[in-house]
Amino acid sequence: MVAHCVAALLYLGVIHGELAHDPMVRDALWKLLADAHYGYSAREEAMFIIRGADGQLSFLRWERTGIPHHAHWNAPLPAGTVAIVHTHPNTMPRPSRMDEQTAVRNNLPVYVVTRTKIMKTSHGQTDVVLKGEWWERG
């Protein structure tokens with residue numbers, strides 16, 4: 001029974017404070033995905049999740065590249081960056097090898113957002129954070 005409760009809390013993000021379980025973050029992820037045609041196009045959208053000195057989260061969108069299956073940032077990471085997020089087409093829900101390398105190189109989680117799944121790669125491990133109709137979870 002205790003193991004089931006702990007597993008449920010981990011899934012809900014209560015224990016580890018999973019960013020994707022924050023309603024404000026989920027709203028920003030859904031807007032990012034909307035701009036990528038809800039994962040039905042090859043265009044990728046990307047942003048940083050930033051935690052300010054006051055502890056509040058904010059989001060910094062990347063400029064579009066116009067290149068299919070590509071998002072690129074050409075400047076230093078913004079101060080307070082706690083995660084990198086980008087969309088993938090729905091048929092490619094897993095982080096790419098480049099996503100995994102980016103996570104390790106920057107010591108930051110990289111989230112991949114599709115219509116029915118949010119995955120995260122961090123510290124050499126890739127996990128499903130939310131799946132199914134994740135935008136309806138409150």
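Reply: One cut-off first: a residue counts as buried when its relative accessible area is under 20%, and as exposed when that area is over 50%. Also, this is a predicted model.

Me: Fine. Is threonine 87 buried or exposed, then?
Reply: Threonine 87 has a relative accessible area of 0%, so it is buried. It lies in strand β3, residues 81-87.

Me: What is threonine 87 in contact with, leaving aside its neighbours within four places?
Reply: Leu32, Leu33, Ala36, Arg43, Glu44, Glu45 and Val113.

Me: And serine 122, buried or exposed?
Reply: Buried, because its relative accessibility is 15% and the cut-off is under 20%. Serine 122 is found in strand β5, which covers residues 117-122. Beyond four places in sequence, it touches Ala103 and Pro109.

Me: Zoom out. How many helices and strands in the protein chain?
Reply: Three helices and six strands. Along the sequence the pattern reads α-α-β-β-β-α-β-β-β.

Me: What's the strand order in the sheet?
Reply: β2-β1-β3-β4-β5-β6, an open sheet of six strands with mixed pairing. The edges are β2 (57-61) and β6 (125-131), each pairing on one side only. From one strand to the next, the twist averages 25 degrees.

Me: Which helix packs on the sheet?
Reply: Helix α2, residues 23-35. It touches β1 (46-51), β2, β3, β4 (110-113), β5 and β6. The direction of α2 makes about 15 degrees with that of β2.

Me: Now the inside. How many residues in the largest nonpolar core?
Reply: The largest nonpolar core has 18 residues. Leu29, Val85, Tyr111 and Ile118 have the most contacts inside it. At least two residues of this core come from each of α2, β1, β3, β4 and β6. The largest share is from α2, with five residues.

Me: Pick valine 85. What is it in contact with, beyond four places in sequence?
Reply: Leu29, Leu32, Glu45, Ala46, Met47, Ile49, Tyr111 and Val113. Leu32 and Val113 are also in contact with threonine 87.

Me: Whole chain now. What share of the residues is buried?
Reply: 36% of the 138 residues. The chain exposes about 8,000 Å², with carbon and sulfur atoms supplying 57% of that.

Me: And the contacts, what share joins residues at least 24 apart?
Reply: 52%, counting contacts between residues at least 6 apart in sequence.

Me: Last topic, confidence. What's the mean pLDDT of the chain?
Reply: The mean pLDDT is 86, and 86% of the residues reach 70 or more.

Me: Where does pLDDT stay under 50?
Reply: Over residues 1-15. The model has 12 contacts beyond four places in sequence for that stretch. Where pLDDT is low, predicted coordinates should not be read in detail.

Key
Residues are numbered from 1 along each chain as its sequence is written. This is a predicted model: local features need pLDDT of at least 70, side-chain atom pairs count only at pLDDT 80 or more; totals for chains, interfaces and linings use all residues. Side-chain values use heavy atoms; hydrogens and water are left out. Helices (H or I, at least four residues) and strands (E, at least two) are DSSP runs, numbered from the N terminus. Buried means under 20% relative accessible area, exposed over 50%, partly exposed in between (1.4 Å probe, protein chains only). Contact means heavy atoms within 4.5 Å. Accessible areas come from the Shrake-Rupley method with a 1.4 Å probe; for residues, only the protein chains shown count as cover. Two strands pair if DSSP finds at least two bridges between them. Axes are lines fitted to C-alpha atoms, for helices over the stretch in contact, and angles run from 0 to 180 degrees between N-to-C directions. A nonpolar core is a set of buried Ala, Val, Leu, Ile, Met, Phe, Trp, Tyr and Cys residues joined through side-chain atoms within 4.5 Å. pLDDT is the predictor's confidence in each residue, from 0 to 100.
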